[in-house]
Amino acid sequence: MPKAVAVVGASSDRSKFSNKAVRAYLAQGWTVYPVNPKGGTIEGLKAYATLAEIPAVLDRVTVYLPPALAVRALADIAAVKPTEFFVNPGAEDAPEIFVTVD
């Protein structure tokens, strides 16, 4: 069974790293759930407005958001209980992201 990943902050702009991540995960056989509050489609996939809308258990959540938005997304990420949580470049400007969660 393929692993499931949510790409939070996914963009339809193919030059953005969040879009490149969607394509890379697809190429590696993952089931990909793009998350963008605008909805629509990204790389032919339904884009979900929120993590809570995703109809799957997530193995990984990867975040491509500006630091302030990433911090605000933490509760939503914790609520879906992914096995792995990846924060991408830029997050070092928001040290509150890096906390221990039990």
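User: What share of the 102 residues of the protein counts as buried?

Analyst: The model is a predicted one. Buried here means under 20% relative accessible area. The protein has 102 residues. The share of them that counts as buried is 37%.

User: Which pattern do the helices and strands follow along the sequence?

Analyst: The protein has 2 helices and 6 strands. Read along the sequence, their order is β-α-β-β-β-β-α-β.

User: How much of the accessible surface belongs to carbon and sulfur atoms?

Analyst: The accessible surface of the protein comes to about 6,200 Å². The part belonging to carbon and sulfur atoms is 56%.

User: Which residues have the most contacts inside the largest nonpolar core?

Analyst: The largest nonpolar core has 14 residues.

User: Within what arc do the buried residues of H1 fall?

Analyst: The buried residues of H1 are Ser 18, Asn 19, Ala 21, Val 22 and Tyr 25. They line one face of the helix, because seen down the axis of H1 they fall within an arc of 155°.

User: Which exposed residues sit on the face of H1 turned away from its buried side?

Analyst: The buried side of H1 is covered by elements including S1, S2, S3, S4, S5 and S6. The face turned away from that side carries exposed residues. They are Phe 17 and Ala 27.

User: Is Thr 62 buried or exposed?

Analyst: Thr 62 is in strand S5. Leaving aside neighbours within four places in sequence, its contacts include Val 5, Val 7, Tyr 25 and Phe 86. With a relative accessible area of 1%, Thr 62 is buried.

User: How far apart in space are Thr 62 and Pro 34?

Analyst: Thr 62 and Pro 34 are 28 residues apart in sequence. In space, C-alpha to C-alpha, they are apart by 10.0 Å.

User: Which side chain meets Glu 43 in a salt bridge?

Analyst: Side chains of opposite charge can pair when their charged atoms come close. The salt bridge of Glu 43 has an N to O distance of 2.9 Å. It links distant parts of the chain, from the loop between S3 and S4 to the loop between strand S1 (4-8) and helix H1 (17-27), 29 residues apart. The partner of Glu 43 is Arg 14.

User: How far apart are the closest N and O atoms of Glu 84 and Arg 60?

Analyst: This pair is one of 2 salt bridges, and the distance between its closest N and O atoms is 2.6 Å. The pair joins strand S6, with Glu 84, to strand S5, with Arg 60, 24 residues apart. Glu 84 is partly exposed at 30%, whereas Arg 60 is buried at 13%. The distance asked for is 2.6 Å.

User: What is the phi of Lys 81?

Analyst: Most residues other than glycine have a negative phi. Lys 81 has a positive one. Lys 81 lies in the loop between helix H2 (67-80) and strand S6 (84-87), and is exposed, with a relative accessible area of 67%. Its phi is near 50°.

User: What is the phi of Glu 43?

Analyst: Glu 43 lies in the loop between strand S3 (41-42) and strand S4 (45-46). Glu 43 is partly exposed, with a relative accessible area of 29%. Its phi is positive, near 55°.

Note on methods. Residues numbered from 1 in each chain as written. Predicted model: local features only at pLDDT ≥ 70, side-chain atom pairs only at ≥ 80, totals over all residues. Heavy atoms only, no water. Helix = DSSP H or I, 4+ residues; strand = E, 2+ residues; numbered from the N terminus. Buried < 20%, exposed > 50% of the residue type's maximum accessible area, 1.4 Å probe, protein only. Salt bridge = Lys/Arg side-chain N within 4 Å of Asp/Glu carboxyl O. Core = buried A, V, L, I, M, F, W, Y, C linked by side-chain atoms within 4.5 Å. Arc of directions from axis to C-beta. Contact = heavy atoms within 4.5 Å. Areas by Shrake-Rupley, 256 points an atom, 1.4 Å probe, with all protein chains shown as cover.
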